[in-house]
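Here is a short briefing to read beside your structure. Please have the model open as you go through the points below.

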Amino acid sequence: YVLPPESIHTRAPHVKAPGVYSLFNSDDNKVSLRFPYYAVELIKLQLEKISVDSVVIFHSYHNEMQDSLLVWKPNQTEVDNRSDLEIFSYPRKQASTIGGSFFGFVPEQKEDETIIYEDGFLVMLTDGSWSLLRKCLMRGSNCLVQSDTTNGIHAEIHFYQTEGEEQLNKEESNIPQVMILTVKEDLEKRTTTEEVATYKDNFMKNIPEYIKQNKSLLEGVKQVVLQFDISPGQQLQLKVATKPGIQIPSTFKTEIGNIVKKVPVITVTGLVQFQIYYPL
């Protein structure tokens, strides 16, 4: 795969996953690409639909561990910014942990290396390395991609556990559990916790009943996970996944969607995301 002259954003498929961010530490010349465990099944579902020889792009969110950020300058036309250090933004005097606006994985390369590209990072991979790394992304496994080039940047794939997931793991309960993915400050600006609570309560009884009636379709499944992505204009994107990631009939997902559609979507001023875990 050869990088195009125009922005790679316009050509490559994107995997959408909340809580993903990047950290480049210039001291050890390594970029850490971080993913929340709760997003593993969502990442897996999307990667399965993308050709194995395709570039894959992830949006990289801002994180408090970053002390600076790669930015795209107004009217900038140069695409390859490996040597353009002016794209670094310095909120503080010392920039030691730099975040990107995106990162991507590029297969079909002769050697492994990670580069700064536009306002993000690209992990350039041989087919063998991409095959292994792709499995890590789909399984939630940590791994390290050592650069084959002299003084090249290394890349680390790291999965982390949120406070909400830690609480879910402690509570080995047989009742559905809710995890709010939108940070509290943003949630309070975009809607109210009461609105979200009232909305999700509609799905705490009727969906478990449907799952119970159709348990024969879920052999080997320990949890059914629904992710609600609500956008302004009462737009809802529903994602249905399982833990572990076992393929389930499309009719099951469709019927879950029909149950959800019966409830009016709440009004929000920005993206609101939450998940409901239904144990079997």
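Q177 stands opposite Y277 in β16, where strands (E, at least two residues) and helices (H or I, at least four residues) are DSSP runs numbered from the N terminus. The model is predicted: local features need pLDDT of at least 70, side-chain atom pairs count only at pLDDT 80 or more, and totals for chains, interfaces and linings use all residues. Residues are numbered from 1 along each chain as its sequence is written, and side-chain values use heavy atoms, leaving out hydrogens and water.

**The sheet**
- Strand β13 pairs with β16 (residues 272–279) in the antiparallel sense over 4 bridges; two strands pair if DSSP finds at least two bridges between them.
- Both belong to an open sheet of 4 strands, ordered β13-β16-β14-β15, with antiparallel pairing.
- At the edges are β13 (177–180) and β15 (235–243), each pairing on one side only.
- From one strand to the next, the twist averages 20 degrees.

**A helix across the sheet**
- Helix α7 (residues 250–261) lies across β14 (223–231) and β15, running at about 140 degrees to β15.
- Axes are lines fitted to C-alpha atoms, for helices over the stretch in contact (heavy atoms within 4.5 Å), and angles run from 0 to 180 degrees between N-to-C directions.

**Two packed helices**
- Helix α1 (residues 40–47) packs against helix α2 (residues 127–139) at an angle of about 135 degrees, with their axes 7 Å apart.
- That makes α1 oblique to α2, as angles under 35 degrees count as roughly parallel, over 145 as roughly antiparallel, 65 to 115 as roughly perpendicular and the rest as oblique.
- V40, I43, K44 and L47 of α1 meet R134, L137, M138 and R139 of α2 in this contact.
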